[in-house]
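Welcome! Please take a moment to look over the sequence and the model below, and then we will walk through the fold together.

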Amino acid sequence: MTDMPGGFRSEMSPPNDEVCEILNGVKENVEQEAGSSFSEFELVHYTTQVVAGTIYLMLVKVDGDEHLHVKIVKPLPHTGQPPKVMTVKRGVTPETPMLPS
């Protein structure tokens, strides 16, 4: 396995319950950043970077054929802080490389 720039794993992981829960927990913030509300909001795949917590870089399918790249940080448990949206990028496709920004 090789790494992407910024220390993210290059291998994409399929959705799981834990990561879907993190994404769904920040859906309102993603919608605010994107400037739209979405009736469809489904995690396609993701990668992670472990820092002082975990950063998730996700491909999210939203309404129609639209996709988003969503970057979320989940702080370490002892901080008591919830996950937070870092960036949302619109106008991407499933083939658009997910690059840390």
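This is a predicted model: local features need pLDDT of at least 70, side-chain atom pairs count only at pLDDT 80 or more; totals for chains, interfaces and linings use all residues.

Strand S2 pairs with strand S3 (residues 67-75) in the antiparallel sense, over 9 bridges. Within this region, Val 60 stands opposite Leu 68 in S3. Helix H2 (residues 27-34) packs on the sheet, where H2 touches S1, S3 and S4. The direction of H2 makes about 50° with that of S4.

Now turn to S1. S1 and S2 also pair in the antiparallel sense, here over 10 bridges, and the two form a hairpin with 1 residue between them. Leu 43 has Val 60 in S2 as its bridge partner.

In what order do the 4 strands of the open sheet lie? The order is S1-S2-S3-S4, and the pairing is antiparallel. S1 and strand S4 (84-92) stand at the edges with a single partner strand each, so one side of each has no neighbour in the sheet. Direction ignored, neighbouring strands are turned by 20° against each other on average.

**The chain as a whole**

Stepping back, the protein chain has 2 helices and 4 strands. Along the sequence they follow the pattern α-α-β-β-β-β. Of its 101 residues, 38% count as buried. The chain exposes about 5800 Å², and carbon and sulfur atoms supply 51% of that area. Among contacts with a separation of 6 or more, 47% are between residues 24 or more positions apart.

In soluble globular proteins, nonpolar side chains tend to be buried together. The largest nonpolar core here has 19 residues, and those that touch the most other members are Leu 23, Val 30, Phe 41, Met 58, Val 60, Leu 68 and Ile 72. Helix H1 (17-25), H2, S1, S2, S3 and S4 are the elements that give two or more residues to this core. Its largest share, 4 residues, comes from S2.

What does Ile 72 contact, leaving aside its neighbours within four places in sequence? Its partners include Ile 22, Leu 23 and Val 26, as well as Tyr 56, Met 58, Pro 83 and Val 85.

| Residue | Relative accessible area | Class |
|---|---|---|
| Tyr 46 | 8% | buried |
| Tyr 56 | 7% | buried |
| His 69 | 6% | buried |

His 69 is found in strand S3. Leaving aside neighbours within four places in sequence, the contacts of His 69 include Met 58 and Leu 59, along with Thr 87, Val 88 and Lys 89. Val 92, Thr 93, Thr 96, Pro 97 and Met 98 are also among the residues in contact with His 69.

Technical notes: Residues are numbered from 1 along each chain as its sequence is written. Side-chain values use heavy atoms; hydrogens and water are left out. Buried means under 20% relative accessible area, exposed over 50%, partly exposed in between (1.4 Å probe, protein chains only). Two strands pair if DSSP finds at least two bridges between them. Axes are lines fitted to C-alpha atoms, for helices over the stretch in contact, and angles run from 0 to 180 degrees between N-to-C directions. Contact means heavy atoms within 4.5 Å. Accessible areas come from the Shrake-Rupley method with a 1.4 Å probe; for residues, only the protein chains shown count as cover. A nonpolar core is a set of buried Ala, Val, Leu, Ile, Met, Phe, Trp, Tyr and Cys residues joined through side-chain atoms within 4.5 Å.
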